[in-house]
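Here is a short briefing on one protein model. Look through the sequence and structure first, then read on.

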Amino acid sequence: MVDMKKILCAIDFSEVSPMVAGYAHSLAKAFGAEVILLYSAPSLNQYVSFHVPPNSIETFVGEIVSGAEQSMEAFISQYLPDVTVTGRVVSGYAAEEIVKCADEESVDMVIMGTHGRKGIDRILFGSVAEKVVKTANCPVLTLRPFCPVDFPGK
């Protein structure tokens, strides 16, 4: 049997995030695993070349990180009760930050949602989930939007 002690649950606070957390909660309960809940704020460094003052970008990213840190505790208490959870907010390219965290924490699995982009959206934005699946050193469970799950306490 697989021994799972640490699960990385990557969220973006979208409507898909509670579903992803529900799966992480179920697996954590089943295996007695701890969960690392990760949100990656965009760094926006690529916009410095558009004559946007760097301090404006840093302030904006700082506000995103601050808001995410505040949202993290409420999210954990609502969707991941009665399991051991550590919330982390980082800044950078999401796929790289997820894989980096998974490696640093030696997680046994990554759980994350997909947005199911197609066509021009996929060409322009790419797929964070696809990049994580291709580069992670552990199994990655990806969930398409609207997979049914019962949330704890509901």
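This is a predicted model: local features need pLDDT of at least 70, side-chain atom pairs count only at pLDDT 80 or more; totals for chains, interfaces and linings use all residues.

Which residue in S3 is the bridge partner of Ser40? The partner is Val90.

**Overall make-up**
- The protein holds 5 helices and 5 strands.
- Read from the N terminus, the elements follow the pattern β-α-β-α-β-α-β-α-α-β.
- There are 154 residues, and 40% of them count as buried.
- Among contacts with a separation of 6 or more, 79% link residues 24 or more positions apart.
- The accessible surface is about 8,800 Å². Carbon and sulfur atoms contribute 55% of that surface.

**The sheet**
- The 5 strands make an open sheet, and the pairing is parallel.
- Their order across the sheet is S3-S2-S1-S4-S5.
- Strand S3 (85-91) and strand S5 (140-143) are the edge strands, each pairing on one side only.
- On average, neighbouring strands are turned by 20° against each other, direction ignored.
- Strand S2 (residues 34-41) runs parallel to S3, and 7 bridges join the two.
- The pair Ser40 and Val90 is a bridge between these strands.

**Helices on the sheet**

Methods. Residues are numbered from 1 along each chain as its sequence is written. Side-chain values use heavy atoms; hydrogens and water are left out. Two strands pair if DSSP finds at least two bridges between them. Helices (H or I, at least four residues) and strands (E, at least two) are DSSP runs, numbered from the N terminus. Axes are lines fitted to C-alpha atoms, for helices over the stretch in contact, and angles run from 0 to 180 degrees between N-to-C directions. Buried means under 20% relative accessible area, exposed over 50%, partly exposed in between (1.4 Å probe, protein chains only). Contact means heavy atoms within 4.5 Å. Accessible areas come from the Shrake-Rupley method with a 1.4 Å probe; for residues, only the protein chains shown count as cover.
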